[in-house]
Amino acid sequence: MPELPDVEGFRRVVADHVVGSKVASVRVLDAGVVHTSPEEFTRALQGRVISEPSRYGKWLRVPTRNRSGYPQLLAHFGMTGAFVWTPGEQADHRHDRVVFEFRDGALRYRDMRKLTGLRLATERSEVEELLGDLGPDAAGVSRRDLRARLTRTARRIKPALMDQTVVAGLGNLCVDEILWRSRLAPTLSTTDLEAAHWARLHARLGSVLRSSSRVGHVPDRPSWLTGHRDEHDARCPRCSTPLSRSKIAGRSTVWCPRCQPS
Ligand SMILES: [Zn+2]
């Protein structure tokens with residue numbers, strides 16, 4: 001499921017393949033995805049030159065090259081979405097929802113589910129409407145800000161970290177990995193954490209996001225919790241204790257009861 005590191009990977013797909021290139025045509029294969037009429041969506045982007053993309057939380061902003069930077073494409077990847085580049089001429093994949101054709105290939109918005117993942121913004125106010133409620137981007141949040149925002153109300157640390165209005169970009173895998181590395185149980189209350197916990201949480205949050213963003217997903221390496229969470233008889237890669245598993249705030253949560261005592 002796309003989280004900050006995945007969207008960072010999609011940002012690189014756009015940056016590596018289409019920045020500076022003109023959109024030759026837009027094919028909306030699934031009108032439900034674009035949140036406006038396919039005609040308007042196509043008209044706004046066709047013939048435009050793509051400018052440097054940027055990520056905010058789980059959103060990707062793709063401006064067009066002119067003085068205002070608008071119209072702008074805003075992409076969200078929901079549960080199963082991706083941007084995929086295919087060189088030359090290739091047949092559409094059955095989950096391609098919108099295809100942006102360029103001279104030398106196509107950028108494909110591919111999503112198994114049909115969510116309204118693509119938005120067109122023609123001015124700044126429309127971007128603010130979409131992104132205005134989000135907290136600071138998780139990759140740049142300061143320790144002080146993280147603590148202040150997470151402790152506004154006493155709540156369990158896992159759902160608090162996943163709340164995009166508190167801090168933007170973290171999803172289920174990132175949060176479980178960060179908490180395991182911070183040795184904090186997902187059920188702890190944010191108001192029970194002490195200064196040393198906050199320092200560790202902020203440092204691990206940064207290192208997990210940096211390592212994951214480099215490869216475009218939370219890696220399932222043997223030394224990572226993510227490398228074991230889906231195993232039968234899963235054990236902690238640090239202490240070999242059988243991992244605990246339960247639903248917290250509706251999401252499948254994995255942690256080590258020994259390393260992360262509650
Ligand atoms: Zn352990």
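The model is predicted, so local features require pLDDT of at least 70 and side-chain atom pairs count only at pLDDT 80 or more, whereas totals for chains, interfaces and linings use all residues. Residues are numbered from 1 along each chain as its sequence is written, and side-chain values use heavy atoms, with hydrogens and water left out.

**Stop 1: the domains.** Select residues 4–131 for domain 1 and residues 143–255 for domain 2; such bounds come from an automatic or database domain assignment. The C-alpha centres of domain 1 and domain 2 are 30 Å apart.

**Stop 2: the interface.** Display the residues of domain 1 and domain 2 that are in contact (heavy atoms within 4.5 Å). Nine residues of domain 1 meet 14 residues of domain 2. The two domains bury about 780 Å² between them, with 63% of that area on carbon and sulfur atoms. Buried area here is the accessible area (1.4 Å probe) that two parts lose on being put together, summed over both. Next, select Leu4, Pro5 and Lys58: within domain 1 they lose the most area to domain 2, together 60% of what that side buries.

Between domain 1 and domain 2 there are three residue pairs in polar contact, both residues being at pLDDT 80 or more. A polar contact is a pair of N or O atoms within 3.5 Å; within protein, one must be able to donate a hydrogen and the other to accept it, and residues adjacent in sequence count only if both atoms are side-chain atoms. The count of salt bridges between the domains is zero; the term denotes a side-chain nitrogen of Lys or Arg within 4 Å of a carboxyl oxygen of Asp or Glu.

Now select helix α1 (residues 4–17), which supplies six residues, the largest share of the domain 1 side that touches domain 2. Helices (H or I, at least four residues) and strands (E, at least two) are DSSP runs, numbered from the N terminus.

**Stop 3: a salt bridge.** The structure holds 14 salt bridges. In one of them, the side chains of arginine 108 and aspartate 96 meet at 2.7 Å, N to O. Arginine 108 belongs to strand β7 (residues 105–111) and aspartate 96 to strand β6 (residues 96–102).

**Stop 4: the annotated spans.** Select residues 2–116, which an unreviewed UniProt entry annotates as "domain: Formamidopyrimidine-DNA glycosylase catalytic". This span is 19% helix and 33% strand, with its end C-alpha atoms 15 Å apart. Finally, select residues 224–261, listed by UniProt (unreviewed entry) as "domain: FPG-type". Residues 224–261 are 0% helix and 26% strand, and their end C-alpha atoms lie 18 Å apart. UniProt positions are given in the numbering used here, feature names are shortened, and annotations may be inferred rather than shown by experiment.
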